[in-house]
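Subject: The model, and what I found in it

Hi,

Here is the structure I said I would pass on.

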Amino acid sequence: MYQWDFQTLWQYRNIIFVGFGYTIGYTIIVVILGLLVGLIAGLCRLSPKVYISGPFRVYVELFRCTPVLVQLIWFYYALPILTGIELTPGMAAVLALTLYGGAFYSEIIRGGVISIDPGQTEAGLALGMTQFQLMRRVVLPQAFKRMTPPLVSQSIMQLKNTSLLSVLAVPDLLYQGQIIAHDTYRPLEIYSLIAVLYFAILLPATILAKRLEVKMSDGGRA
């Protein structure tokens with residue numbers, strides 16, 4: 001009979017705290033950078049010029065249709081061989097998760113923009129507004145309200161994806177847990193604790209995403 005012993009983990013609290021900090025830190029970085037990439041890619045995909053929209057469409061489909069774990073390994077091991085540029089595990093992790101998240105963010109942003117009534121665009125152009133002014137003052141403020149719930153949901157997925165960084169030896173929460181499990185021979189306890197910590201972060205974020213979805217919907221505004 002297996003005897004549960006969570007008290008053993010107390011002496012590793014500092015390691016767990018460090019891993020937790022790395023997980024939150026990487027999540028914030030890849031979400032911010034992913035949103036910037038997604039905004040650029042999403043707006044460029046709306047361009048009628050194929051030489052602008054085409055490359056970004058290839059980028060989006062490439063990263064959406066391949067597993068993020070494969071992308072992490074490829075960026076860390078294959079990219080330096082092709083380019084001669086050595087990447088640290090952290091750099092490879094940020095690059096892969098940023099581009100992966102950016103591909104999904106771009107589709108959310110593109111969908112939000114095209115959901116705005118075309119009549120507003122025509123009215124703005126008739127008033128002499130440039131495309132940049134029209135996008136900044138009219139389209140994006142309205143589209144952002146519709147994009148917020150799916151953007152939050154995708155950001156939650158980015159937090160979950162950070163658990164894959166352990167394959168590159170990035171000292172995130174899961175990697176630290178693997179070290180503790182190897183040292184204590186208590187994998188059930190440490191992985192149960194990791195699950196609780198992820199749940200403690202993701203549950204409020206999920207509730208927030210649901211509330212935003214209800215608020216932005218027609219029923220929520222009624």
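Below is what turned up, going from the whole chain down to single residues.

**Ground rules**

This is a predicted model, so local features need pLDDT of at least 70 and side-chain atom pairs count only at pLDDT 80 or more, while totals for chains, interfaces and linings use all residues. Residues are numbered from 1 along each chain as its sequence is written, and side-chain values use heavy atoms, with hydrogens and water left out.

**The whole chain**

The protein has nine helices and zero strands; both are DSSP runs numbered from the N terminus, helices being H or I with at least four residues and strands E with at least two. Read along the sequence, that gives α-α-α-α-α-α-α-α-α. The C-alpha trace spans about 75 × 55 × 25 Å along its principal axes.

Of the 222 residues, 40% are buried. Buried here is under 20% relative accessible area, exposed is over 50%, and partly exposed is in between, using a 1.4 Å probe and protein chains only. Contact means heavy atoms within 4.5 Å. Among contacts between residues at least 6 apart in sequence, 72% join residues at least 24 apart.

Two packed helices are described by the angle between their axes and the distance between the axes. The axes are lines fitted to C-alpha atoms, for helices over the stretch in contact, and angles run from 0 to 180 degrees between N-to-C directions. Under 35 degrees counts as roughly parallel, over 145 as roughly antiparallel, 65 to 115 as roughly perpendicular, and the rest as oblique.

Take H6 (residues 131-161) and H8 (residues 187-216): their axes come within 8 Å and cross at roughly 165°. That makes H6 roughly antiparallel to H8. The crossing of H6 and H8 is left-handed, a label that applies if the near helix is turned anticlockwise from the far one by less than a right angle, with right-handed for clockwise. On the H6 side the contact includes Lys145, Pro149, Val152 and Ile156, and on the H8 side Ile201, Leu202, Ala205 and Leu212 are among the residues taking part. By class, the residues of the contact of H6 with H8 are 11 nonpolar, three polar and three charged. For those classes, Ala, Val, Leu, Ile, Met, Phe, Trp, Tyr, Cys and Pro count as nonpolar, Asp, Glu, Lys and Arg as charged, and the others, Gly among them, as polar.

H1 (residues 13-45) also packs with H8, at an angle of about 40° and with the axes 12 Å apart. H1 and H8 are therefore oblique to each other, and their crossing is right-handed. Ile16, Phe20, Thr23 and Ile24 of H1 meet Ile190, Leu193, Leu197, Tyr198 and Ile201 of H8. This contact has eight nonpolar residues, one polar and no charged ones.

**Residues in the helices**

Lys145 of H6 is exposed, with a relative accessible area of 53%. Lys145 and Leu212 are 67 residues apart in sequence and 9.1 Å apart in space, C-alpha to C-alpha.

Gln154 also sits in H6, but at 11% relative accessibility it is buried. Leaving aside neighbours within four places in sequence, Gln154 is in contact with Gly101, Phe104, Tyr105 and Ile108.

Ser53 belongs to H2 (residues 50-64) and is buried, at 14% relative accessibility. Not counting residues up to four places away in sequence, Ser53 touches Cys44, Arg45 and Ser47.

**Cysteines**

How many disulfides are there? Taking a disulfide as a pair of cysteine sulfur atoms within 2.5 Å, the count is zero. For Cys44, the nearest cysteine sulfur is that of Cys65, 20 Å away. Seen from Cys65, that 20 Å to the closest cysteine sulfur is too far for a bond. Cys65 is exposed, at 58% relative accessible area.

**Two positive phi values**

Most residues other than glycine have a negative phi. Ala169 has a positive phi of about 65° although it is not a glycine. Ala169 lies in the loop between H6 and H7 (173-184) and is partly exposed, at 40% relative accessibility. Tyr185, not a glycine either, has a positive phi of about 60°. Tyr185 is in the loop between H7 and H8, and at 68% relative accessibility it counts as exposed.

Cheers
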